[in-house]
Protein chains: 2
Amino acid sequence: MTKTQQFSLQEYLAEQVKVVDRALDEWVPVETVAPESIHRAMRYSLFAGGKRIRPILAIAAGRAIREDTVGIENAACALELIHTYSLIHDDLPAMDNDDLRRGRPTCHKVFGDALAVLAGDALLTLAFEVLSRLPGVAAERKIRLVEELSRASGTVGGMIAGQVHDIEGERQTPTAMLLESIHRAKTGALLRASVRMGAIYAGASTAELASLSEYGEHAGLAFQIVDDVLDVEESSEALGKTAGKDQAQQKITFPAVYGLERSRQMAEDEREAAHAALALFGDRAGRLRQIADFIVKRKA
Amino acid sequence: MTKTQQFSLQEYLAEQVKVVDRALDEWVPVETVAPESIHRAMRYSLFAGGKRIRPILAIAAGRAIREDTVGIENAACALELIHTYSLIHDDLPAMDNDDLRRGRPTCHKVFGDALAVLAGDALLTLAFEVLSRLPGVAAERKIRLVEELSRASGTVGGMIAGQVHDIEGERQTPTAMLLESIHRAKTGALLRASVRMGAIYAGASTAELASLSEYGEHAGLAFQIVDDVLDVEESSEALGKTAGKDQAQQKITFPAVYGLERSRQMAEDEREAAHAALALFGDRAGRLRQIADFIVKRKA
């Protein structure tokens, strides 16, 4: 990436974050709607400076299919709602018991465990409400989005499967196979679904959808590898969450299985594979290529 | 109800429970599918001898609209998945901290808190997957079901709103208004949605849907009043859950606000109002009338 491209990507990402945040703000009831506490808790976790990688992947994928796709940020919101619910529940004392997230006290630290459980449930539920109410989208397409998101978030190869593997993987011997099954489900499924949902929203052909799925898988794997590497390399302050947590909890990570150097090379390989999967799209996939680069180069 | 009618209703309910359980068994991954623990936890709570009131209401409402409605038990499953997730999360130490449910140790007692959080999340997610994959149903209808269920389960007048009110209502002065806002959301919204989803599935007209919504509201209110009364009157053994819990936790209940006798009369009034709302349907609503009677007369 040249300096100019980098600058242009930073601007693009900042712009898209604003678009996504504006849409989220419209979908999530304001804090004055009763019961006020739950909406306050939902918004606290939702508007905590997240990178919005999933919604941005969805938007970029949709625009790669059809440049003039409108309203896609609404569908993209559903992905961020699911992601945020999973973070709230993950941080609970019953789960990872974490006090810090995106540089602030976690939801249950501020609102208590009961409300944090319910805020997670509420964001998860709202994700599907949003998809059911997408303005100007045919029912056929909406229902495909519901199916895509529910499967990617579920227990059969989806996000929840990954969380279970993750919990049960602690204290097990870190093997390459176990590692792969964890990451593929835990973050991979939802990142892949982000790209696919954007493509489905924009009316992708079967061939386009297949290529973008492959891109999503590689970009998703790169994302997880880099996440694991950053947990070792960076400070809690830089990450906005507790660093070094993986090792302390004996999580199965890429650095634990392959070491830091080989992990970095693997992320680079995945980045290249993600690029290769976009051949079909030519110039239309410029943003998707840049996002794959960003995923690997990011520092937090 | 005559003895013969009562017998016929018992048979009908037992039959419908079997139909619903068979459908649930098909939708929920078996315990040999990885990760095995989560599917075991989901099935443990799901197949614990629940009355399946919500799915049965949906089926009966659908058949009141069109006698030959097929496959409606699949849509009805989504309601039981939502109901069961809410019980699992409600029982968590972070929430009501209950050890007994449907006569057995609660999910987190058997599988641990982390897996109980995830099992609840998984059932909630699966509810929407089921609706997105209903066989032989037009996309337009499926998406209406997704919207109906997500709103009824959500934070604006839905089930989660009721749970928040419930938590925050403890230690507040029990007033009639607070009581109404709790029940309308906590159990009322999902019971009303059960009837409405059955009706939508079967292609109800606007007038039919309005009548059934009214029936659902009254039957739902009757259900909650009777639930509160039973919590005072019956033993834990009869209920299969901890009795007398409401008073111990200073919950706002109908007996707490109105006393036992007046609460019983109110349930009876709601039963009659539920019957009255069915005038439009004549003989087609026989089952729905019987179910309203059953809701008021039940002992657990």
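## Basis of the model

Residues are numbered from 1 along each chain as its sequence is written, while chains are lettered from A and ligands numbered from 1 in the order in which they are written. The model is predicted: local features need pLDDT of at least 70, side-chain atom pairs count only at pLDDT 80 or more, and totals for chains, interfaces and linings use all residues.

## Overall fold of chain A

Chain A contains 15 helices and 2 strands; these elements are DSSP runs numbered from the N terminus, with helices (H or I) of at least four residues and strands (E) of at least two. Its radius of gyration is 18 Å, close to the 19 Å given by the globule rule for 300 residues, so chain A is as compact as a globular protein of that length. The radius is taken over C-alpha atoms, and the rule is 2.2 Å times the number of residues to the power 0.38. The C-alpha trace of chain A spans about 50 × 45 × 40 Å along its principal axes.

Of the 300 residues of chain A, 54% count as buried. A residue is buried if 20 or more other C-beta atoms lie within 10 Å of its own, exposed if 12 or fewer, and partly exposed in between, with C-beta atoms placed from the backbone. Among contacts in chain A between residues at least 6 apart in sequence, 71% join residues at least 24 apart; a contact requires C-beta atoms, placed from the backbone, to lie within 7 Å.

## Backbone features

In chain A, a cis peptide bond with omega of about -5° joins A:Ala34 and A:Pro35. A:Pro35 lies in the loop between helix H1 (3-27) and helix H2 (36-46) of chain A. In chain B, the peptide bond from B:Ala34 to B:Pro35 is cis, with omega near -5°, and B:Pro35 is found in the loop between helix H1 (3-27) and helix H2 (36-46) of that chain.

A:Asn97 is a residue other than glycine with a positive phi, near 50°. It occupies the loop between helix H4 (72-91) and strand E1 (100-101) of chain A, and is partly exposed, with 13 other C-beta atoms within 10 Å. B:Asn97 has a positive phi of about 55° although it is not a glycine. This residue is in the loop between helix H4 (72-91) and strand E1 (100-101) of chain B, and counts as partly exposed with 13 C-beta neighbours inside 10 Å.

## Contact between the chains

The contact takes 42 residues from chain A and 42 residues from chain B. On the side of chain A that touches chain B, H2, helix H6 (113-132), helix H7 (139-153) and helix H8 (159-169) each supply at least two residues. H6(A) provides the largest share of that side, 12 residues.

By class, the side of chain A that touches chain B has 22 nonpolar, 11 polar and 9 charged residues. Here Ala, Val, Leu, Ile, Met, Phe, Trp, Tyr, Cys and Pro count as nonpolar, Asp, Glu, Lys and Arg as charged, and the others, Gly among them, as polar.

## Helix packing

The axes of helix H3 (residues 53-65) of chain A and H4(A) come within 8 Å and cross at roughly 150°. This makes H3(A) roughly antiparallel to H4(A). Axes are lines fitted to C-alpha atoms, for helices over the stretch in contact, and angles run from 0 to 180 degrees between N-to-C directions. Angles under 35 degrees count as roughly parallel, over 145 as roughly antiparallel, 65 to 115 as roughly perpendicular and the rest as oblique. Residues making the contact include A:Arg54 and A:Ile59 of H3(A) and A:Ile72 and A:His83 of H4(A). By class, this contact has 8 nonpolar, 2 polar and 3 charged residues.

In chain B, the axes of H2(B) and helix H6 (residues 113-132) come within 9 Å and cross at roughly 75°; H2(B) and H6(B) are therefore roughly perpendicular to each other. Among the residues that meet are B:Ile38 and B:Met42 in H2(B) and B:Leu115 and B:Leu118 in H6(B). The contact of H2(B) with H6(B) has 9 nonpolar, 2 polar and no charged residues.

## Surroundings of A:Phe254

A:Phe254 is placed in helix H13 (residues 254-258) of chain A and is buried, with 28 other C-beta atoms within 10 Å. Not counting residues up to four places away in sequence, A:Phe254 touches A:Leu179, A:Ile225, A:Asp228, A:Val229, A:Ser263 and A:Met266. The C-alpha atoms of A:Phe254 and A:Val229, 25 residues apart along the chain, are separated by 7.4 Å.

Terms used
Two residues are in contact if their C-beta atoms, placed from the backbone, lie within 7 Å.
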